[in-house]
Amino acid sequence: MSRNESADQKMQISKIAKNRDSAMTVGDALDFLRRRRWLCFGTFTLIFLASVLLAYKLPPVYRSEATIMIEQQAIPTDMVESTVRSYIDEQIQVVAQRVMTKENIKGLIEKFDLYPEIRATAPVEQVVSLFRDNTDLQNQTATVFDPRRGRVSGSTFAFVVAFQNADPVTTQRVTEALAELYLAENTRSRREQASETTDFLVQEADRLAQEIGKTEQALANFKDEYANALPDQQILN
């Protein structure tokens with residue numbers, strides 16, 4: 001037998017031994033679990049009890065929500081669609097950015113004395129960021145049929161403002177204050193939009209008046225130039 005053949009046989013034997021070892025390892029693991037089942041059960045029980053105790057020791061967190069309904073604009077969209085029209089979702093985001101400014105948040109934190117312990121040591125930016133993390137804004141949508149587009153699409157009809165805190169009374173009061181800020185900012189935004197719409201309609205009226213004046217002037221010039229050849233002079237001619 002050559003050295004190469006003997007080496008191949010040794011490799012095959014080693015592979016068979018490894019397979020047997022792996023099979024024995026799986027069996028040993030199962031035997032270990034059978035022998036240590038009470039230890040595993042006790043460990044799981046301790047972890048479960050520790051989780052329950054931790055959950056009871058943690059302070060409760062209360063969440064308050066305010067739902068704000070959205071009214072459709074009174075002006076037909078086909079009149080001002082190309083200039084003033086904007087999507088409701090974008091309007092909500094714009095209003096949210098105006099409400100959740102640093103100055104507004106600082107005013108709410110000071111008014112309701114939020115996070116007193118954190119405010120004593122942390123910078124203002126960190127407290128403002130914590131307030132934003134505890135605030136949530138969600139759009140409420142419904143599937144409706146749009147007759148102008150002739151298809152079914154999602155439409156936002158309301159949005160929910162929510163705030164969470166350890167004190168239930170403070171949580172509700174802060175949520176009410178946030179809702180009032182959203183309503184006030186939405187009113188201001190609608191006034192700006194109405195002003196833009198009015199300016200647009202005035203500009204359109206002026207443009208149409210100028211076009212009508214040019215058309216009337218052109219018609220008058222045409223009648224002066226061809227006064228004796230107009231259709232209404234046919235019988236007289």
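My entries below go from the whole chain down to single residues.

**Entry 1: ground rules**

I noted that this is a predicted model, in which local features need pLDDT of at least 70 and side-chain atom pairs count only at pLDDT 80 or more, while totals for chains, interfaces and linings use all residues. Residues are numbered from 1 along each chain as its sequence is written, and side-chain values use heavy atoms, with hydrogens and water left out.

**Entry 2: the overall layout**

I looked up the secondary structure and found eight helices and three strands. Here helices (H or I, at least four residues) and strands (E, at least two) are DSSP runs, numbered from the N terminus. Along the sequence the pattern reads α-α-β-α-α-α-α-α-β-β-α.

Next I checked burial, where buried means under 20% relative accessible area, exposed over 50%, and partly exposed in between (1.4 Å probe, protein chains only). Of the 237 residues, 19% count as buried. The accessible surface comes to about 18200 Å², and 56% of it belongs to carbon and sulfur atoms. Those areas come from the Shrake-Rupley method with a 1.4 Å probe, and for residues only the protein chains shown count as cover.

I also looked at contacts, meaning heavy atoms within 4.5 Å. Among contacts with a separation of 6 or more, 63% are between residues 24 or more positions apart.

**Entry 3: the nonpolar core**

Which residues have the most contacts inside the largest nonpolar core? I found Met100, Leu114, Phe131, Phe163, Val174, Leu178 and Tyr182, in a core of 25 residues. Strand E1 (62-69), H4, helix H5 (102-112), helix H7 (124-133), strand E3 (151-165) and helix H8 (168-225) each supply at least two residues of this core. H8 gives the most, with five residues. For the record, a nonpolar core is a set of buried Ala, Val, Leu, Ile, Met, Phe, Trp, Tyr and Cys residues joined through side-chain atoms within 4.5 Å. In soluble globular proteins, nonpolar side chains tend to be buried together.

I then picked out Met100. Not counting residues up to four places away in sequence, Met100 touches Ile105, Phe131, Arg132, Thr135, Leu178 and Tyr182.

In H4, Ile92, Val95, Ala96 and Val99 are buried. They cover an arc of only 100° around the axis, which puts them on the same side of H4. The arc is that of the directions from the helix axis to the C-beta atoms.

Which residues of H5 are buried? I listed Ile105, Leu108, Ile109 and Phe112. Their arc around the axis is only 100°, so they sit on the same side of H5. On the other side of H5, Glu103, Glu110 and Lys111 are exposed. An α-helix has 3.6 residues a turn, so residues three or four places apart point the same way. After H5 comes Asp113, whose phi is positive, near 55°.

Leaving aside neighbours within four places in sequence, Asn165 is in contact with Pro60, Val61, Tyr62, Leu114, Tyr115 and Thr171.

I moved on to Asp167, in the loop between E3 and H8. Asp167 counts as partly exposed at 33% relative accessibility. Asp167 and Val61 are 106 residues apart in sequence, yet their C-alpha atoms are 7.5 Å apart in space.

**Entry 4: salt bridges**

How many salt bridges does a search of the whole structure find? The search gave eight, counting a side-chain nitrogen of Lys or Arg within 4 Å of a carboxyl oxygen of Asp or Glu. Side chains of opposite charge can pair when their charged atoms come close.

In helix H8, Arg207 and Glu204 lie three residues apart, about one turn of the helix, and their side chains meet in a salt bridge of 2.7 Å, N to O. Arg207 is partly exposed at 37%, and Glu204 is partly exposed at 26%. Arg207 also forms a salt bridge with Glu211, with the closest N and O atoms 2.9 Å apart.
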